[in-house]
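Here are some notes to accompany a first look at this structure. They are arranged as numbered points, each of which can be checked against the view below.

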Amino acid sequence: MSSEKRSTASDEVTSAASLIEAVLPPLFFASGFAALCYQVAWQRALFGWFGVDLDSVSVIVSVFMLGLGGGALLGGWLADRFAQHRIFVFSAVELTIGLFGFVSLDVIDASGLLFANKPLPVMVGATFLVLMAPTFAMGSTLPVLVTELTMRIGNVGDSTGRLYYINTLGAAVGALTAVYALIPLFGLDGLTYAAAAINVTIAVTGIVCVRRGLAKGGVN
């Protein structure tokens, strides 16, 4: 009987771990989808600050990429610091992005009024400050999940390649969907609300999976 119980417990742990491994890729696809929805929406909103020209596009994309790069460094630290709770960390980050997403256009509009007609360096600095928290959060998700998946499958190259591919694919689909479907149907507000709802859904799904795994004696 004891042997049967141990076998059942082992099967439950394996099942819980397999569930998390199966759920991570679609969650990261959705994360990439939402991120590019935000980039499209925020870029269009920020055009009101800078106008639509090569300089404005360069500034906005550069600020966005700087945040993503800095976030990747932060994500590496988080993955090591919270090694036993990486999925919880990922879920918390997605929730943070989603909560900001719901109010992001209001924040951008308020900042635009505050810094209107200021010199370009001031406007660039203001743009970075406005987007620093959400873009750092977005950038942190990849190293957190890569580290977690590597621990589970034991292959860093496979983990990195798989998640980066899935996230990039989600981003591409998100950009196309935002431009050709969501903005024409719902406008910028509807686009950001949809992206924020996706982030919150990702966070809830991640937490549910982890809690289910812990309830069965699995790992996060």
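1. Which pattern does the protein chain follow when it is read along the sequence? In this predicted model, the protein chain follows the pattern α-α-α-α-α, and its secondary structure comes to 5 helices and 0 strands. Of the 220 residues in the protein chain, buried residues make up 44%.

2. Helix 2, which covers residues 54-81, has 28 residues and reaches 40 Å from its first C-alpha to its last, close to the 40 Å expected at 1.5 Å a residue. Buried positions in helix 2 include the glycines Gly 67, Gly 70, Gly 71 and Gly 75, and among the other buried residues of this helix are Val 59, Ile 60, Val 63, Phe 64 and Leu 78.

3. Helix 2 also packs against helix 4, at an angle of about 40° and with the two axes 5 Å apart.

4. The crossing of helix 3 and helix 4 is left-handed, and their contact, sorted by class, has 19 nonpolar, 4 polar and 3 charged residues.

5. Is Val 156 buried or exposed? Val 156 is found in helix 5, which spans residues 156-215, and this residue is exposed, because its relative accessible area is 52% and the cut-off for exposed is over 50%. Val 156 and Val 146 are 10 residues apart along the chain, and their C-alpha atoms are separated by 7.4 Å.

6. The cysteines deserve a separate remark. Cys 37 has a relative accessibility of 1% and therefore counts as buried, and Cys 209, at 10% relative accessibility, counts as buried too, given that buried means under 20%. With a disulfide taken as a pair of cysteine sulfur atoms within 2.5 Å, the count comes to 0 disulfides.

Conventions
Residues are numbered from 1 along each chain as its sequence is written. This is a predicted model: local features need pLDDT of at least 70, side-chain atom pairs count only at pLDDT 80 or more; totals for chains, interfaces and linings use all residues. Side-chain values use heavy atoms; hydrogens and water are left out. A crossing is left-handed if the near helix is turned anticlockwise from the far one by less than a right angle, and right-handed if clockwise. Helices (H or I, at least four residues) and strands (E, at least two) are DSSP runs, numbered from the N terminus. Ala, Val, Leu, Ile, Met, Phe, Trp, Tyr, Cys and Pro count as nonpolar, Asp, Glu, Lys and Arg as charged, and the others, Gly among them, as polar. Buried means under 20% relative accessible area, exposed over 50%, partly exposed in between (1.4 Å probe, protein chains only). The expected span of a helix is 1.5 Å times one less than its number of residues. Axes are lines fitted to C-alpha atoms, for helices over the stretch in contact, and angles run from 0 to 180 degrees between N-to-C directions.
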